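Subject: Structure handover

Hello,

Here is the structure I promised to pass on. Please open it first, then read my notes below.

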Amino acid sequence: MTGWDSELDRVLGAKTAKALNGAFGMTTVGDLLRHYPRRYAERGELTPIGGLETGEHATVLARVERVSKRRMRSRKGTILQARITDGTRSMSCTFFNQAWRERELLPGRRGMFAGKVTAYRSELQLAHPEYQLFTEDEDSDEQGAAREFAGALIPVYPASQGVPSWSLARCVDQVLSGWDGVVDPLPESLRERIDALGLDEALRRIHQPEDLAQVERAKHRLKWDEALGVQLSLAQSREQRGTRPAPACPRRQDGLGAAFEADLPFTLTAGQLEVGERIAEDLAHEHPMNRLVQGEVGSGKTVVALRAMLQVIDSGRQAAMLAPTEVLAAQHARSLRELLGEFAGAGELGASDRATKVTLLTGSLSAAQRKQALLDVASGAAGVVVGTHALIQDGVSFADLGMVVVDEQHRFGVEQRDALRVRAGERSCPHLLVMTATPIPRTVAMTVFGDLRTSALRELPNGRSPISTTVVPTAEKPAWLERAWQRVREEVDAGHQVYVVCSRVGDESNSGSREETTSGEDGEQRSPVAVLELAEELRGGPLEGLRIGALHGRLASEDKDSVMRSFAAAEIDVLVATTVVEVGVDVPNATMMVIMDADRFGTSQLHQLRGRVGRGASPGLCLLVSEAVSQTPARNRLEAVASTTDGFELARLDLQQRREGDVLGAAQSGKKSTLRVLSLVHDEELIARARAEAEEFVREDPELNSYPGLAAMVADLVAEERADFLEKA
Ligand code: ADP
Ligand code: MG
């Protein structure tokens, strides 16, 4: 008797269940059945080796080409090396002290090989892979190892060290043979409308299809489950939100907002005015605002947010602004105070009598400062409160919180947004303004941000300068790196400043902490360039005589702050930093950025990073330093970033390059994605239909009482998200 909730150890035995739990966090039969094959291989087919990427755990169908054995130089023992081929390219599999494998890895035999792909001297390797060989006669499926591969299509599962794809197939087979079936959560009428298989059949077909047409039918159904679950939960979220009013904050002609605008040193762009108009309108009503503003780096989102905050303050309430890090929070507080000028000095001599107060509340305040800050927040003296997300989680009490602004919220999911609204006050729900510099494709907007209305700032303020980006391919053109440092020197000589970004901090070699490395034969390692080491090297070499600072997440907050302040005051010429400079940091005199090991960063992240330069009147220059070889996916990605500065275009590329199902997970917080078959790249139409269906269900029956299956789908989803959120917090 096997059902959806049956424990895996009961069905498969303790040992197997433990392995599945360890590798994938699976505990129930449902978890296993929701682990779908990534693709299907045909029996005769071989996996194109050229398409593998280093770092991925791959399952490769290949043919043994030759095997060689030798003694290790540095240690005792033997290395057995098998070359496997797809007929065009080959790669090597390395086994330590397993010489006996020579007897079965015979040239010409075919099988599946699974392991982590690494590169050594620009050659691909699988280090001690697991494998399963097909029987000699491929067409006989009578016995032995061939049994799992009996079907016409071989499912290839996302696998992991210790649990190869074929073990997963065997487990699924065992489960399905004693399967009692599940009650279908989708109402029959809906299934007919969308022409979907029943859940049982879909599950069988996706795991053990006879042909690819069956796979497609199964996926269609399973995609609907995912799309509808998410959209129902969003529809409920939107519905519920309308039931608790927000404070109406109509615009005033004689308030702080108007005075501030009259004093602005620049003219707002058409986009800023238009988005500002929308927001002002939203804030005037009791229906809580839920708006996402997308705008390129440098498009001037801060002033848009500030105008909104002033409108809220003008009706006697407070606004909170949340940033992802303390450095950014401090920076926001600073730039808000700067923008506000005399209007920020409430209680101080010479301040405008309309002035308000900007209070920074972060973990790095002294006890006395914190006490004062909390007092200002609770008494209402602080009109604007700036902090990290902890501001909401720690239960800080506001006198009257009218609006929350969340800046650069990649890691801020629906669940967190809801937590924030609930937390902020029982009586009313604050307005919410979310700002992002990462342009969001429509499917992502409908899914991850489906509870928000979106608007975009598409133009940059006048006077912004273009950024040109160039790849520095150190594998092919090592001399270019020297030229790059020369270029840095020229930039500094011209009176400008430079960022150098590294993917790691450094100096942890003795502390035992492990970083991602590229490993070669016999464990030889190359780590990415690190901040501390590079800063040292530059001081003593190519950039000798320049003032070089280092900034990274391991510094204490006040140190980070003071480094940032020195850089802003041009007391530092070259700032070597980790991605703490990624978002929001604004030093107009910085005109150049060198990004080391650029292939380690995502497309959007690179775009964000380079947005730090070219913020003043002089043009910006960004150099992407990378060892990635021409024509590899990593290198192509860098070339794409170099080829355009259009963030929307890059967001589209980024989405296409990610693995299916990764998008929601990455855009939200967690590692476990709720999307498995649904593709935010390809399923735009299905998602839009699911959204419409969900609206209809929730309008008719807000709690979904008459659709227990649907209600359970939503509950599962929410539970999963919440677990994720708690894990993060
Ligand atoms: P981001 O959208 O990246 O957060 P900011 O809000 O930090 O951009 O704005 C970048 C810079 O542009 C700031 O120095 C800001 O004062 C300035 N700025 C904003 N709006 C305008 C405008 N309309 N005209 C000129 N400068 C502007
Ligand atoms: Mg900003």
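First, the ground rules. This is a predicted model, in which local features need pLDDT of at least 70, side-chain atom pairs count only at pLDDT 80 or more, and totals for chains, interfaces and linings use all residues. Residues are numbered from 1 along each chain as its sequence is written, chains are lettered from A and ligands numbered from 1 in the order in which they are written, and side-chain values use heavy atoms, with hydrogens and water left out.

**The chain overall**

The chain has 24 helices and 23 strands. Both are DSSP runs, numbered from the N terminus: helices are H or I with at least four residues, strands are E with at least two. Of the 729 residues, 53% are buried. Buried means under 20% relative accessible area, exposed means over 50%, and partly exposed lies in between (1.4 Å probe, protein chains only). Take the contacts between residues at least 6 apart in sequence: 73% of them join residues at least 24 apart. Contact means heavy atoms within 4.5 Å.

Helix 11 has 15 residues. From first C-alpha to last it reaches 21 Å, close to the 21 Å expected at 1.5 Å a residue. The expected span is 1.5 Å times one less than the number of residues. Its buried residues are Val327, Leu328, Ala329, Ala330, Gln331, His332, Ala333, Leu336 and Leu340.

How is a pair of packed helices described? By the angle between the two axes and the distance between them. Helix 10 (residues 301-314) packs on helix 11 (residues 326-340) at about 70°, and the axes are 11 Å apart. Axes here are lines fitted to C-alpha atoms, for helices over the stretch in contact, and angles run from 0 to 180 degrees between N-to-C directions. Helix 10 and helix 11 are therefore roughly perpendicular. The cut-offs: under 35 degrees is roughly parallel, over 145 roughly antiparallel, 65 to 115 roughly perpendicular, and the rest oblique.

Which residues meet there? From helix 10 come Thr302, Val303, Leu306, Met309 and Leu310; from helix 11 come Leu336, Leu339 and Leu340. By class, that contact has seven nonpolar residues, one polar and no charged ones. Nonpolar covers Ala, Val, Leu, Ile, Met, Phe, Trp, Tyr, Cys and Pro; charged covers Asp, Glu, Lys and Arg; the others, Gly among them, are polar.

**Helix 12**

Helix 12 (residues 367-379) has 13 residues, which should span 18 Å at 1.5 Å a residue. Its end C-alpha atoms are 18 Å apart, which agrees. Ala373, Asp376 and Val377 are buried in helix 12. Seen down the axis, the buried residues fall within an arc of 95°, so they line one face of the helix. The arc is that of the directions from the helix axis to the C-beta atoms. They pack against strand 10 (318-323), strand 11 (358-361) and strand 12 (384-388). On the other side, Ala367, Ala368, Lys371, Leu375 and Ser379 are exposed. Glycine 380 follows helix 12, with a positive phi near 95°.

**Positive phi without glycine**

Asparagine 97 is not a glycine, yet its phi is positive, about 50°. It sits in the loop between strand 4 (90-96) and strand 5 (110-120). At 48% relative accessibility, asparagine 97 is partly exposed.

Aspartate 597 is not a glycine either, and has a positive phi of about 45°. Its loop runs between strand 22 (590-595) and helix 19 (603-610). Aspartate 597 is buried, at 7% relative accessible area.

**Single residues to look up**

- Methionine 26 lies in the loop between helix 2 (14-24) and helix 3 (29-33). At 4% relative accessibility, methionine 26 is buried. Leaving aside neighbours within four places in sequence, its contacts include Leu8, His35 and Leu168.
- Aspartate 654 is in helix 21 (residues 647-657). Aspartate 654 is buried, at 8%. Beyond neighbours within four places in sequence, aspartate 654 is in contact with Thr603 and Ser604.
- Alanine 712 is in helix 24 (residues 708-728). The C-alpha atoms of alanine 712 and glycine 229 are 9.1 Å apart, though 483 residues separate the two along the chain.

Best wishes
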